[in-house]
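Could you walk me through this structure, one selection at a time? I have it open in a viewer and would like to know what to click next and what is there.

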Amino acid sequence: MIFYVGAFILIAVGLYAIIIKKNLVKIIIGLDLISSGTNLLIVSIGYVKGGTAPIFSHPGILPQMMVDPVPQALTLTAIVIGASELALAAAFVAILYKHYGTLDIRKVRGLKW
Amino acid sequence: MRIFFGYFLLYFGAAFLFLGAFGLIRLPDLYTRMQASTKSTTLGAFSSVLGVGILMPHWFVKCLVVAFFILLTAPVSSSALMRAGYKTGVPFDKKRTVVNKGKEFFSEKKEKEEGK
Amino acid sequence: MSTLNWIYLGIVSAGIILAVLRMIIGPDITNRVIGLDVLTTITIALFVFFALIFQRYIYIDVSLVYGLLAFIGVLVIARFIERGF
Amino acid sequence: MIRKITYTIFLSIIVATLILFFVAFPFGKNKMGVGKYYLNNDIKQTGAANVVTAVTLDYRGLDTLGEVTVLFAAAAGVSILFYLIDQDKKKRERQVYPNFIVRVGSRIIFPFILLFGSYIFIHGHLTPGGGFQGGSIIASGFLLLYLAYPGERVNRKKLAVTEGLAGLTFVVFGAIGIFTGAHSFLFNFFPKGTLNMLFSAGILPILYIAIGFKVGSEFAGIIDDMMCQTVCGGEK
Amino acid sequence: MVNLTNPILLIAVPLFFVFLAAVIAPFSKRATKYLPPVAFLINLIITLYLIPQVAEKGVIVATTAGIKPPFAINIAVDGLGLSLAIIASLLGLIASLYNLKYITEEPQDKFNMLFLLLGTGITWMVITGDMFNLFVAFEVTSISAFGLVGFLRDKDSIEAGFKYLVMGSIGASLLLIGVVMLYAATGTLNMADIAEKIARFSFRQKLLPYSFIFTGLGIEGALFPLNAWLPDAHPAAPSSVSSILSGIMTTAAIYAIIRATVTVFNYSAITPFILLIALLTLVFGETSAFFQKDIKRMLAYSTIGQTGFFFFAFSLGSVQGMQGAFMQILNHSLSKAMLFLIAGAMITQVHSRNIDDFSGIGKKMKISSVFFAIGAFSLMGLPPFFGFWSKLTIIFATLAYTNFYTITLVVILLFMSVIEGAYFFRVMQSMFFGKLKEGTEIKEASPGLVVPFVILGIVILTLAIYPTPIIAVSKKIAVQLIHRAVYINAVLGGL
Amino acid sequence: MIIVSWILIIIMIVLAILSVQFKDLLAAVVAMGAVSLIISLLFLLLQAPDVAMAEASIGAALTMIIYIIVVRKTERREK
Amino acid sequence: MEKASKFNRYVFTVIVLYVSWILITATTRTDELIVGIIVSLLVAIGTYDYLSIQGLRHLSLKRLWFLVIYIPYYLWQVILANFDMAYRVLAPSMPIKPGFVIVHTDLKTDSGKLALANSITLTPGTLTMDVKDDKLLVHWIYVKDRTIEGATHEICGRFEGFLKVIFG
C-alpha cells in the first residue's frame, strides 16, 4: 500500500520538476524520478504478500510461495531503458549549454513550455 | 552459543553504524566527521555482515567476501573526499585544530610525477 | 528472535535518519557527500540483514554489488570537487 | 502561473489515479495470470533456477533484444551528439591528478570488479543478476579506471567490435531457432541440464553472456564519449 | 525446410545488419552506408512474400521461444500491420538510397545505424502482438529518432531534440504505466489475450488503462494538445529522416492507438471523445501550416493536419471510415515522404528554408518541381490522384455517420482541404511563376538525390492510374480490423 | 516489515524533494544517488533481487557519472 | 622495486582471481571450478598489468605467514580505534584536538604504501589524506606529537614492521 503511495509521489515530484523548474538539469532529474517511480510501481504490483523471490535456489522453495516474476522482468527492461534515456538527455543538455551558455530554459529560445 | 555470538556481532555492528551516523551530526567540522563516519561505519558494517555469516554458517564465506570488500573500498573514497575537501578549502574548526601541515605538504613541489 | 531483529532494524533506521539529516543540513557539498557515504555503508549492512530476515542466501549478491561499487559514486563526486576531470 | 495550473491539474489527475488504483489493484494480492504458468512450468521448459531470467530471456526474449537495441541506439545517439566537440588536448595539463590512494587502490580493485561482473552474468540463470547487471558492473570498472587515470582511453575499436559481435551472437542464436525444428525465434534448442548447476538452462547463459558483453561495452562507450570530452575541455 | 517467410525476420534481419554495421564501422565508415538499403530491400522482399499468406489466412502468427502465444511474445501480422510494414520498408529503402548522397556530415556510421534502427522500430511497432513489446519497440523508435533529430548539432536541432526527448520520455512512461495496469487487471500482456479477458470489464474499468495508453501514444502521434514538439523536431532533422518521421512514424503511433482501441479494448464508447481530438488536431495543423514561412515547418504542420484527418476517419468507427483512414494513411505516407525528400533536395540548392527564396526555381529544377506538384496534388486530393479517392471515402463515411453535427463535420473537412490546397498552391505558384532571384546559381540536384524520389513518384502515379485494386484491398483490411474475433482466434487458436 | 518500508519511503520522498529543491545542482545529484540507493532497498523488500541488483549496479556509479558530467560541462548553481 | 616479468605477473593475477572466484561462488562444485579457471584466465589477460608489480614474489611462505598474523592484529586495531572514536564522540566534553600532520614511511612499493595508508585510515584517530613519495599527510583527531619523527613513531610504528615483510 505504502509502496503505491511512494511510487505515485515520486512520479508527482518528477512531474513537478519538469513543469515548474526552469533548470535543464532539474528537468532531467525529473525524468529520472518519473522513471524510478514507474519502476517502483511495477514491482509493487507484482508483489504477493508473504511471497519470496522467484528463484529456485534450494529445494523447499515452491512456486506457490513466489511473487510474480513478470513485473520484475519488465522492470529490468524499464530500468535499462530509463538509463539510456537519461544518458541521451544529459548529452542534449550539455550541448544546449554549449550553444547558449545557460541552463535557464527561459533564455533558450525554443524551450519555453 | 553460536547464535549468541552472531547476535552479539550484529548488535556490535549496529551500535557502531549508529555511532558513525551520530558522530556525523555531533562533531564540529568535515575532517573529524569523516574520521567518525569512515571508521565507525566500516567496522559496523563489517561486524554486522560477519554476524550474519555466523548466524547462518553456510553463508559465512560470502559474508566474508562482502566484509573484505567493505574494508578494501572504504578508505579509498574517504581519502579522496577528504583531500578534495581540503583542497577546496572547506573550513576546519579553527578553535580546536592545533596543527596544520597540509600547506607544507601540498606546496612541496608541483604535482608532475603523477600519471602512470 | 524476531524481537532482536526488530531492535536491530530500529537502531539502523535511526542511523539512516541521522545520515539523511546530515545530507539535509550539511553546510556544503562535502558534508552532504559524507552523508551519502555513510548511507551506502549502512545500506550494505542492511542488504545482508534483509537476506537474513528473508532467509535467502542469494540476496547477499546484491550487497556484494554495493560493496564493490558504492565507493565509485563517492569517488566521482570527490574527483569532481577537486576539479579532477 | 500557467505552469502552476498545469501542475495542479496533473496532480489532481495523479491523486485520482492513485485512488482508483487502490480500488482496482490491491497491494499484495495475487494478481498473477501468465506469471503462474511461468512459475509452474519454468523448470520443465527452460531449466533455469531464476524464473526472472527465464522470463526475461526465454518467454519474453524479444523484449530483451529490444532493450539491448535501445541501449545501442542511445550509445550511438550520445556519440553523435558528442562527435568532435572541442577536443582540446592542452587543457588536460591543468587538471588535478587523483591522489595516490585512489590510483593504487583502483588498480587493485579493478580486476575484482571485472571478475565479479563476469560472475554475475555467468550465474544469471542461478542467482539474481545477469547480463545487464554484470555489464553495468564491468562498465563501472572502466569508469573507475577513467577516474584514477585521467587521460587514458579505452580502445574504442575493440569496444565497437565487441558490441557488434555480442549483438550478432544474440540475433544469430535467436535465428537458429527459426531454422531448426520449432520455427520459432529464440527457441531454446540446447539440452536443459539439471537445475541449479552451472551448465543448465540451454542457451540462456550464452545469451546472458552476450548481453553482458554488449551492455558493458555500450555503457563503457557512453562513458568514454562523455568523459573524454570533459577531460579534454569543456570548461568555461 | 527453411521457412523464409517467418514474419519475425522483419525484425531479426535489420537488427543483424545494425550489429554488423557496428562490427565493420571501426574498419570502414563508408561501408556502413550500404547496409541500410540492403536491409530494407530484404525486408521489402519478405513483406512481399508475406502478402499471399496474409491474404489467405487473414492473420499470420509467429511465436517466440517455441511456446504458444499467451505465454510468450508473439508476432501477429494482419492486413493493416503488413501494409504499414510494406510502407515502412519501402520508405526506408528509398530514404536510405537518398542518404547515400545526401548525408555528408560525420559520424556517418552512427547515422546509418540509427536510421536502420528507426525503420526497424517502426516495423516492429506495427507487427508486434504484445503490449509490452509494443512499448519496447516504441522506445527503439523514439530513442533512435531523438538521436537523429539532434544529428546536425546546431541550435535548432538540439533544442528540438531535447524538447522531443522530454515529451517522448513522459509519453513512454505513461504508456508503460498503462500497460502495467493492463497487466495488473488481466494478468497477461498478449494483445489477443487481453482483448478476450477485458470483454467483461465495464466502461469505467477500462478507462484508467486506456487513458494512459492513449495519452502516451498520443504524444508520439502528435494529437492535439500534445504536439508542441513535432513542428520543431521534424524540420530540424535531416530531410531523409524527416520523411521517415513524418511519413510513417507518427502513423505507426496512430496505428498503435487504433490497435489498442479496436482490437484490444473494443472501446467504441470512447469514439466521440477521440473524434473531437482528431478534429482539433486537424484544424490546428492545417491552420498553423497556412501561416508558415519555412517549407519544412509547413510540411510538418501539414503532417499534424493529415494525422488529424485520418484519425478522424478512423474514429468514425465504421468500416467505410476505417477504409478511408487506411487509404489516407497510404496516400499521406507516400506523398509526404516524397515532399520531404524533394524539399531536402531543393534546400541543398537554395541554401534556405524560407518559401520566398524558392521563387522561380521551377524553371531550373524541373524534375523536382514537377514531382513536388504531383505529391502536393495527391496530398490535397485533386481528382486523378489517389488522395482524391481517400478523401472522397472519408467524406462519404462522415455523411454516413448519422449525427446532428454531420454537416458541420463535412464542412470542416472540406474547409480544411481548401486551406491545405491554398498553402500548397501558394508554394507552387511561387515556384513555377515567381521570379528567380538574381545572382543565384541553381541547377538540378544530383541524380543520387533525384532518383529515389522519382521512384516514389512513380509509385504515386501508379496508384493514381490504378486505384481500384487498392481500394478493394483497403476495404478488406477495414473489415478485418473491425472483426477482432478473427485476430483473437488466430493468435489464441492453437490452444 | 511495513514499518521499515514506511521509514524508507518517507526518507526516499524527502530525498526526492530535496533533489528537486536544492539550488546547488551537485547536492541535487547526491540526493539522487541516495534516492536510487533507497529504491534499491525497497526492491529487495519487495522480493525482487534482480531488479535491486540492476538498480544498484546502474544507480551506484553510472547515473551518478552521467549527472556529474552534465554538471561539469555546464554550471553548478541554479540561479 | 623492479617489475617482475609479464608471465610472472600474469600467473600471479590468475591465482589471485581464481582464489577470489572460489570465495565469491563459495562452493567447490566441479563445474564452478572449471568455469572459474576459464574466467580467471580471461580476466587476467586484461588486468594483470594493474593488479601487481612484483608478481609471484608476493606468494612466498614468509609473506603469507606474516599476512596471516597481521590480519587479526589489524582487526584488533580497528576495534580499538572504534572504541576510541566512540569515546570521543559520546563524551560530553568532546576531547578532540585535531590537526594535520606529516608522517614518514620507509616502505618502497606502491601496494605497501597503500596498505599502510588503509591501515592508518582505519586505526585510532587517524585518517590518511594523501601520499607523496615517502610522506603521508594524516589527519589526526588527537594530536600527540607535531614533529614528523614523533608522529611517525606514534602512527606508523605499529604496522610498518609487518608491512615491510609482507610487501617488501
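Start by selecting chain E, which holds 19 helices and two strands. What you are looking at is a predicted model. The C-alpha trace of chain E spans about 70 × 65 × 40 Å along its principal axes. Its radius of gyration is 22 Å, close to the 23 Å that the globule rule gives for 495 residues, so chain E is as compact as a globular protein of that length.

The accessible area comes to about 15400 Å², and carbon and sulfur atoms account for 69% of it. Of the 495 residues in this chain, 69% are buried. If you display contacts between residues at least 6 apart in sequence, 80% of those in chain E join residues at least 24 apart.

Stay in chain E and zoom in on E:A222. This residue sits in the loop between α8 (203-220) and α9 (230-236). Its phi is positive, about 60°, although E:A222 is not a glycine. Is it buried or exposed? With a relative accessible area of 0%, E:A222 is buried.

Select F:Q47, in the loop between α2 (25-45) and α3 (49-73) of chain F. F:Q47 is not a glycine, yet it has a positive phi of about 65°. Its relative accessible area is 3%, which makes F:Q47 buried.

Next, select chain D and colour it by secondary structure. You will find eight helices and zero strands. Chain D has 236 residues, and 68% of them count as buried. The chain exposes about 7500 Å², with 68% supplied by carbon and sulfur atoms. Among its contacts between residues at least 6 apart in sequence, 70% join residues at least 24 apart.

From chain D, move across to C:I72. Which residues does it touch, leaving aside its neighbours within four places in sequence? They are D:I113, D:S140, D:L143, D:L144, D:L147 and F:A61.

C:I72 also leads you into the largest nonpolar core, which has 523 residues. The members touching the most other members are C:I72, E:M131, E:F424 and F:M12. For the largest share of this core, select helix α3 (residues 69-100) of chain A, which gives 22 residues. Then turn to chain G: domain 1 (6-50) and domain 2 (61-167) both give residues to this core, so the core lies between them. A second, separate core has seven residues, including B:L27, G:M85, G:V89 and G:M94.

As general background, nonpolar side chains tend to be buried together in soluble globular proteins.

Now go to chain B and pick B:T38, which lies in helix α2 (residues 30-55). Its relative accessibility is 5%, and B:T38 therefore counts as buried. Show the side chain: one of its polar atoms lies 2.8 Å from the backbone oxygen of B:M34. Beyond its neighbours within four places in sequence, B:T38 is in contact with B:S78, G:T121, G:L122 and G:L127.

To finish, display two pairs of chains. Chain A and chain B share no contact, and their closest C-alpha atoms lie 13 Å apart. Chain F and chain G do not touch either, with their nearest C-alpha atoms 16 Å apart.

Conventions
Residues are numbered from 1 along each chain as its sequence is written. Chains are lettered from A and ligands numbered from 1 in the order in which they are written. Side-chain values use heavy atoms; hydrogens and water are left out. Helices (H or I, at least four residues) and strands (E, at least two) are DSSP runs, numbered from the N terminus. Buried means under 20% relative accessible area, exposed over 50%, partly exposed in between (1.4 Å probe, protein chains only). A polar contact is a pair of N or O atoms within 3.5 Å; within protein, one must be able to donate a hydrogen and the other to accept it, and residues adjacent in sequence count only if both atoms are side-chain atoms. Contact means heavy atoms within 4.5 Å. A nonpolar core is a set of buried Ala, Val, Leu, Ile, Met, Phe, Trp, Tyr and Cys residues joined through side-chain atoms within 4.5 Å. Domain bounds come from an automatic or database domain assignment. Accessible areas come from the Shrake-Rupley method with a 1.4 Å probe; for residues, only the protein chains shown count as cover. The radius of gyration is taken over C-alpha atoms; the globule rule is 2.2 Å times the number of residues to the power 0.38.
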